[in-house]
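Subject: Structure handover

Hello,

Here is the structure for you to look over. My notes on what was found in it follow below.

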Amino acid sequence: QVQFVESGGGLVQPGGSLRLSCAASGIMFSINSLGWYRQAPGKQRELVAVITSGGMKNYADSVKGRFTISRENAKNTVYLQMNSLKPEDTAGYYCNTARYTMGSGGHLEVWGQGTLVTVSS
């Protein structure tokens, strides 16, 4: 049974930082490309960062230079370090499988509960 459990969200001021974690189970974690997605109120879910099984990384232009994705295969966990946060980063953040090319359709149908990030003064 596939499961994603996200954590680490919260309220942070503009310019602040947060580190999100996602523990995955039920998939062959080490061979999959993993990604962080986000969904803001009234908007579609978007992929913001991807890391391949070999450690190659790709980012959406909106977060490039501010967010860093990493993975720890021994713990079946993927992380998202978010720095220089902006109000427009406010969203629910989710992890799932993803395509390195950032193309659509790379995720599984099962989603976790997500973790909410709110950037506000």
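Lys-64 is partly exposed, because its relative accessibility is 48%, and buried here means under 20% relative accessible area, exposed over 50%, partly exposed in between (1.4 Å probe, protein chains only). The side chain of Lys-64 meets that of Asp-61 in a salt bridge, 3.1 Å from N to O; a salt bridge is a side-chain nitrogen of Lys or Arg within 4 Å of a carboxyl oxygen of Asp or Glu. Asp-61 is exposed, at a relative accessible area of 65%.

This is a predicted model, in which local features need pLDDT of at least 70 and side-chain atom pairs count only at pLDDT 80 or more, while totals for chains, interfaces and linings use all residues. Residues are numbered from 1 along each chain as its sequence is written, and side-chain values use heavy atoms, with hydrogens and water left out.

The structure has five salt bridges. Arg-38, Glu-46, Arg-66 and Asp-89 are linked in a network of them. Within it, Arg-38 pairs with Glu-46 at 2.8 Å, N to O, and with Asp-89, where the closest N and O atoms are 2.9 Å apart. Strands are DSSP runs (E, at least two residues), numbered from the N terminus. Arg-38 is buried at 7% relative accessibility, as is Asp-89 at 0%, whereas Glu-46 is partly exposed at 34%.

There is one disulfide, meaning a pair of cysteine sulfur atoms within 2.5 Å. Cys-22 and Cys-95 form it, with their sulfur atoms 1.6 Å apart. Cys-22 is in strand β3 (residues 18–25) and Cys-95 in strand β9 (residues 91–97), 73 residues apart. Both cysteines are buried.

On the nonpolar core: this is a set of buried Ala, Val, Leu, Ile, Met, Phe, Trp, Tyr and Cys residues joined through side-chain atoms within 4.5 Å. The largest one has 28 residues, and those with the most contacts inside it include Trp-36, Ile-69 and Met-82. Strand β3 supplies the largest share, four residues. Leaving aside neighbours within four places in sequence, Met-82 is in contact (heavy atoms within 4.5 Å) with residues including Leu-18, Leu-20, Phe-67, Tyr-93 and Val-117.

Last, Ser-104 is in the loop between β9 and β10 and is exposed, at a relative accessible area of 67%.

Regards
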